[in-house]
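The sequence and model are shown first.

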Amino acid sequence: MRTKYTSCVFFIFYILALSKASSQQVWFKTDTVTSVSSKGVKLSNPWAGGLNASQFLKMHLNSDTDEDLVVYDRTNSKVTTFLAGTDPLNPAKKTYIHAPYYESLFPQTDNWMILADYNGDGQKDLFASTSLGISVYQQVKAGASWTWKLMEDVIYTRGFSGNINLQVSGTDIPGITDIDDDGDLDLLLFDFSGTYVELHQNLSMEKFGVPDSLGNSKNPVFMRNGDCWGNFRKGDGEDFVFGVDCGVVDNSGGRILHAGNSIMLHDLNGDGKKDLLVGHVSNEHISFLTNSSEGLIGNYTAFTNTYPAVNPVLLHIFPAAFMEDVDFDGVKDLLIAPSVPSNDLNLTDFKSSGWYYHNAGTSDKPDFKLVQKNFLQDQMLDVGENASPSFFDIDGDGDLDMLIGTGGMPGATGFKGGFWLLKNEGSATEPAFKVESENYLDIPSSLALYNLKPQWTDFNGDGVADLGFAATSTATLKMEYRYIPNKATGNAAAQLNLGEAVTITMPAESQTGDSPYFYDADNDGDLDLIVGKQQGNIYYYTNTGTNKQYSFKLETDAFAGVGINFAGRSPQLAVTDFDLDGKPDLATVDHTGNVRIFHGADWGKWTERESALVALNGKAGAPVYGNYLALAVGDYDDDKKPDLAIGSNAGGIRLLTNVLPVTITGTEPPLEPTIKVYPNPAADYLKVLSSKNGTVDILTVSGKTVLRNQAIRANTEKQISTLNWPAGLYILELKAGDVRVTRKVVLEP
């Protein structure tokens, strides 16, 4: 029996109406402070979102004296920003602290970005990949703040046949450096065959005496100098051929060519000449090429694929090199990461893909020593790739834990995914997570699956939430769905036996990459199905069967008006009452990188569609969280408002706390004259007194109906038993003619 509540009475009420003005209303704020510990160590940046194919860059994000860290991840076209500062876990050392606000200042880009000062004002500018080549943004300072100003959406160069836009292969990372030491930035890039390096010399200083010109299509300041540069070409495999006459290039011979190169120029042996570190899409190693010539005319005569000499780079595919001082000693270190858009052949361990070599020498005569292979990743929650979060009180202690489905890890038996369990060792109101298991239920030993997407809901209709999950079979490459019945009773810890898993036959038109979400939309006691499709639309099915035998009928292939659209492809879904108006709402994340909430009407008829939801510098904004996202909803801080967790293909999680202006007070606010609901909080029963005849519906906060069309007579007290209802927040709705009045009701355990 539920214990009666004898303390003060709490009521929940709106202090701000959510109307069309809600487009200016902040719904969520980013949570960077909820703690996570792993293997006994508290993580510095647990919710930074994970990293896969990192490009490491530095610039001043704030106004202090230390340069900060900007990391661009090629797999999800996402910038992650870190401020240099005192380590909160160790005040004696400096570290990098995740600062998500600055991420919103960067333009959306694909493939690569480079920070370099092109105009000599002491502020780093941004060179970014575009479909037409290279765009340039100038950093514009305004007091302590700064913004990017687009200067050129494409750079032009004077080629052999006229003025052309300077193209960079989408697989490459160019070199942007002052190769001739005249004060302006030159461009080095591989040709589209991936064989020869081209020099596009910047003539800004020669023409104007200042470095700040970028030219235009009619008057470019860049000029291609020579047929190739460096007197070498890429050979087969990991070889290079030297002594090439760059005045004459023979493209015949039918050799096998593979585009995809990264360039990093720096004096690496202390002789004053710019050497090369070259990564190639087909290579496991980084190639070190020594330069025997100073200035504009490079001459490379030797190479090694064993670099550094001790603990040389060895990645599955396409290593790219970056040099930045990341340990605050004033000397540039070496950072290596795979330059790939996705996990080629699923052979890369994306939770350990950032190699950091400390430079024990000088910046121009380095001595690189391998420190770790998971730089930054070791201080964040990073499950590898395709993190898919879910909330549930798995251990039955009254607070929400987190279960994360993973994309997978390469292993002796293939690429397989599973579950990470984060146990909440704090409290319901002040969560503190601990990585309890990186292989919860040991899925890989029994099932050959990857890209697991969990959901907790009552699949078999016994009143207890079960663990369901979509996944892709490694054998058939098709999407499958299973649920594991939860044999727990009451509020006890989940009792799950993988051997009892039940397979749900999905609709015939299901595809790999679909994102199913189960929800009883028609309130008939069994679960219906909405599915985010790769093409961007949302399918809605009603379950014409039962919880024991699912049978799906397609109601629409453009649910809530969301049809096929390329920009919003692969939507992931979650349903709950976000605005607490008593009606279920729909949240989505998709390839745009944005969160959207559909609300303000009955199921599927939503009139309000919000995307500016998250607090950015005090205003409602729409931050970009990357591509290929996942979504989970749960009240993890126990304020009776649903929060969000966003999983990334980079393997990490972002937390968003609901800050809608709903509050709880210790005294009863003035009640509307049409209805009175008491006691509130309730225990074994609830009483309703209305001034009009009508009917009452009662719903859970997630929108599930627990009582429907209960008749109410005017001025006659109606008692409703709540003895067997789970504790939590409920919405009571009185329908009296054309009038509808809602009340929030709290049931205490």
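Lys 124 and Glu 67 form a salt bridge, with 3.3 Å between the closest N and O atoms. The two residues are 57 apart in the chain: Lys 124 is in the loop between β9 (113-116) and β10 (125-130), and Glu 67 is in the loop between β5 (54-59) and β6 (68-73). Lys 124 has a relative accessibility of 21% and counts as partly exposed. Glu 67 is also partly exposed, at 25%. The model is a predicted one, and the distances and angles given here are computed from it.

A second salt bridge joins Arg 654 to Glu 103, at 3.1 Å from N to O. Arg 654 belongs to strand β49 (residues 653-658), while Glu 103 is in the loop between β8 (90-98) and β9, so this pair links parts of the chain that are 551 residues apart. Which side of the burial cut-off do Arg 654 and Glu 103 fall on? Buried means under 20% relative accessible area. Arg 654 is at 6% and therefore buried, and Glu 103 is at 9% and therefore buried. Glu 103 and Arg 654 also belong to a salt-bridge network that includes Lys 78.

Lys 369 is partly exposed, with a relative accessible area of 43%. Asp 367 is partly exposed too, at 34%. How many salt bridges does the model contain? The count is 20. In general, side chains of opposite charge can pair when their charged atoms come close.

| Lys 124 | Glu 67 | 3.3 Å |

Asn 119 is buried, with a relative accessible area of 14%. Leaving aside residues up to four places away in sequence, Asn 119 touches Asp 125, Gln 138, Pro 211 and Asp 212.

The model has 41 aromatic pairs. One of them is Phe 232 with Tyr 300: the ring centres are 5.5 Å apart and the planes are at 70°, so the pair is edge-to-face. Phe 232 is in strand β19 (residues 232-234) and Tyr 300 is in strand β24, so the pair ties together parts that are 68 residues apart in sequence. Phe 232 and Tyr 300 are both buried. Trp 603 and Trp 606 make another edge-to-face pair, with 5.4 Å from centre to centre and 75° between the planes. Trp 603 is buried, as is Trp 606.

Ring pairs also build a cluster made of Phe 459, Tyr 481, Tyr 483, Phe 518, Tyr 539, Tyr 541, Tyr 550 and Phe 552. One member of this cluster, Tyr 539, has Lys 533 over its face, at 4.8 Å from the ring centre. Elsewhere, the charged end of Arg 569 sits over the ring of Phe 566, at 3.8 Å from its centre.

The last topic is backbone geometry. Most residues other than glycine have a negative phi, and most peptide bonds are trans. Where is there a cis peptide bond? The bond from Tyr 307 to Pro 308 is cis, with omega near -15°. Pro 308 is in the loop between β24 (300-304) and β25 (319-324).

Lys 640 is not a glycine, yet its phi is positive, near 70°. Lys 640 lies in the loop between β47 (630-634) and β48 (643-647). With a relative accessible area of 23%, Lys 640 is partly exposed. Strand β47 is mostly covered, with 4 of its 5 residues buried.

Asn 715 likewise has a positive phi, of about 60°, without being a glycine. Asn 715 is in the loop between β54 (705-712) and β55 (718-721). Is Asn 715 buried or exposed? The cut-off for exposed is over 50%, and Asn 715, at 61% relative accessibility, therefore counts as exposed.

How values were computed. Residues numbered from 1 in each chain as written. Predicted model: local features only at pLDDT ≥ 70, side-chain atom pairs only at ≥ 80, totals over all residues. Heavy atoms only, no water. Buried < 20%, exposed > 50% of the residue type's maximum accessible area, 1.4 Å probe, protein only. Salt bridge = Lys/Arg side-chain N within 4 Å of Asp/Glu carboxyl O. Contact = heavy atoms within 4.5 Å. Phe/Tyr/Trp six-rings, centres within 6.5 Å; stacked < 30°, edge-to-face > 60°. Lys NZ or Arg CZ within 6 Å of the ring centre and 35° of its normal.
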